Amino acid sequence: MSDQQTPIGEEELHAYVDGTLSDERRAEVERALEQNPELAARISDYFSLNNMFHERYDRVLNEPVPKRLQAPAPRRWRIAANWPQFAGMAAALVLGVGIGVGTHMGRDVVAPVVGRADTRTVSADGSEVFARQAALAHVVYMPAVDRPADMTADHEQDFVQWLSNRLGTNVHPPMLSKSGFNLSGGRLLPGADGPTAQFMYRGPNGERVTLCISRRQVNSNTTAFKLYQDGPVNVFYWVDGDFGYAVSGGIDRQALLQLSHDVYSQLTGAAPG
Amino acid sequence: MDVRDELMEHVPRLRRYARALINNRDLADDLVQDTLERALGRTGMFQQGTDLRAWLFTIMHNVFANQARKASARAVHVAVDDESVHESEFAVPSDQIRSLEMRDLDYALQRLPMEQREVVLLVGLEEMSYADVALALNIPIGTVMSRLSRGRERLRALMAGTQPGARLQVVR
């Protein structure tokens, strides 16, 4: 198993595509790919197939749900606004998030859960709901920005302008390229109290990570990172003053934690306790 | 949150998956509807705290497998969605099919055995982990991996057959 020359099995190639290999095994596969163009082409095709699925079928997500598929009392979480996709923006933007916007995303789904305006600490009340919604948003929306569109500097400018207008203040996504994650898109998600910003990142092997930022109703002290898990999706979330942050992804917990630290330090300039 | 409400959040994704699986809007929505009806009738059987999505996909899989069994027994022809592909396009020689682009994907998917199609889509489109797929389809994880491996490779070959040249590229 630890033998460096262990031949790479067919199924491992797929595990590589799906990002489930261990780091060392992944590195070995990558070395093999470098030496074998034919194999590399095949792997590239596998990645492409996954992209094509999204390209072809993600549009269904945006179709109105026919009546017959609606519940007796439907309360669904709808896409209020699709951000234009903004590729290559990461390089142009630097941190400094300050969103003058609403709070819990998808609050219409979770209706009456959100904490009242008493001076409660950030307990299981709102922030876990937020984490849960972030996880949901991750799985629901992430695939839709699988393939960033080309975007010129002009478009970026327009996009930032548009976003600023929507939120009433400047929002800049943090850069995670140091860890190999590049910004691939962003969205505004609806909520009863206003939009939540969601940023999507893609890693070197197509891993997807999303960052959600929302304004909280109750101002709280900074909390430590908390982990929320929903199926394959891990979410690290924390609260810092007026804002709640959630970093979601189906990747290794340690790697996700590292990214969360990255986000945190870029947004606030320090590491949490 | 009520399981019913939560269930409805999954509808768009169930529809997306069903569409890829069946490639006919009405039949795909029929499958979603059957799945929802069955799920709504059994909300009591859903264990709070477990993965609702996996549960729904399990139900959908069972409904789908049932229908497929019945359909093949009656030899019913499943029509390809008129909106997406005209019947005549199937008669086009393969070298002219190039222009069909994404439609080829529908076609190629339909030519995968159902077991492989499900796994390829659950992993590739739904981005479920192998373990979750195993759970949803009630098969061992090794079977998931071998179906994935065979299905994906077959799909690649099918796409390559209808799309000569380097149509498949990594899209970044």
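I worked from a predicted model.

**Entry 1: chain A, helices 1 and 3**

I looked up which residues join these two helices. Leu13(A), His14(A), Tyr16(A) and Val17(A) of helix 1 of chain A meet Ile43(A), Tyr46(A) and Phe47(A) of helix 3 of chain A. I sorted the residues of this contact by type and got six nonpolar, one polar and no charged. Helix 1 of chain A spans residues 10–17 and helix 3 of chain A spans residues 37–57. Their axes lie 10 Å apart, and the packing angle is about 50 degrees. That angle makes helix 1 of chain A oblique to helix 3 of chain A. I noted the crossing as right-handed.

**Entry 2: chain A, annotated stretch**

I checked the UniProt record, an unreviewed entry, which places "domain: Putative zinc-finger" on residues 11–34 of chain A. In the model I find residues 11–34 of chain A to be 79% helix and 0% strand. The end C-alpha atoms of this stretch are 19 Å apart.

**Entry 3: chain A, strands 4 and 5**

I then went to strand 4 (residues 226–230) and strand 5 (residues 233–249) of chain A, which pair in the antiparallel sense over five bridges. Across from Lys226(A) I find Tyr237(A) of strand 5 of chain A. The two strands form a hairpin, with two residues between them. In the turn, Gly231(A) has a positive phi of about 60 degrees.

**Entry 4: chain B, helices 2 and 3**

I moved to chain B and took helix 2 (residues 11–22) with helix 3 (residues 25–41). Their axes come within 8 Å and cross at roughly 135 degrees. Helix 2 of chain B and helix 3 of chain B are therefore oblique to each other. I noted a right-handed crossing here. From helix 2 of chain B the contact takes Val11(B), Leu14(B), Arg15(B), Ala18(B), Arg19(B), Leu21(B) and Ile22(B). From helix 3 of chain B it takes Arg25(B), Leu27(B), Ala28(B), Asp29(B), Leu31(B), Val32(B) and Thr35(B). I sorted the residues of this contact into nine nonpolar, one polar and four charged.

**Entry 5: chain B, helices 6 and 7**

Last, I looked up helix 6 (residues 114–124) and helix 7 (residues 130–137) of chain B. Their axes come within 10 Å, and the crossing angle is roughly 135 degrees. That makes helix 6 of chain B oblique to helix 7 of chain B. I recorded the crossing of helix 6 of chain B past helix 7 of chain B as right-handed. Glu118(B), Val119(B), Leu122(B) and Val123(B) of helix 6 of chain B make the contact with Val133(B), Ala136(B) and Leu137(B) of helix 7 of chain B. By type, I have six nonpolar, no polar and one charged residue in this contact.

Methods. Residues numbered from 1 in each chain as written. Chains lettered and ligands numbered in written order. Predicted model: local features only at pLDDT ≥ 70, side-chain atom pairs only at ≥ 80, totals over all residues. Axes fitted to C-alpha atoms, helices over the stretch in contact; angles between N-to-C directions. Helix = DSSP H or I, 4+ residues; strand = E, 2+ residues; numbered from the N terminus. Parallel < 35°, antiparallel > 145°, perpendicular 65-115°, else oblique. Left-handed = near helix turned anticlockwise from the far one by under 90°. Contact = placed C-beta atoms within 7 Å. Nonpolar A, V, L, I, M, F, W, Y, C, P; charged D, E, K, R; others polar. UniProt positions renumbered as here; feature names shortened; annotations may be inferred. Pairing = 2+ DSSP bridges.
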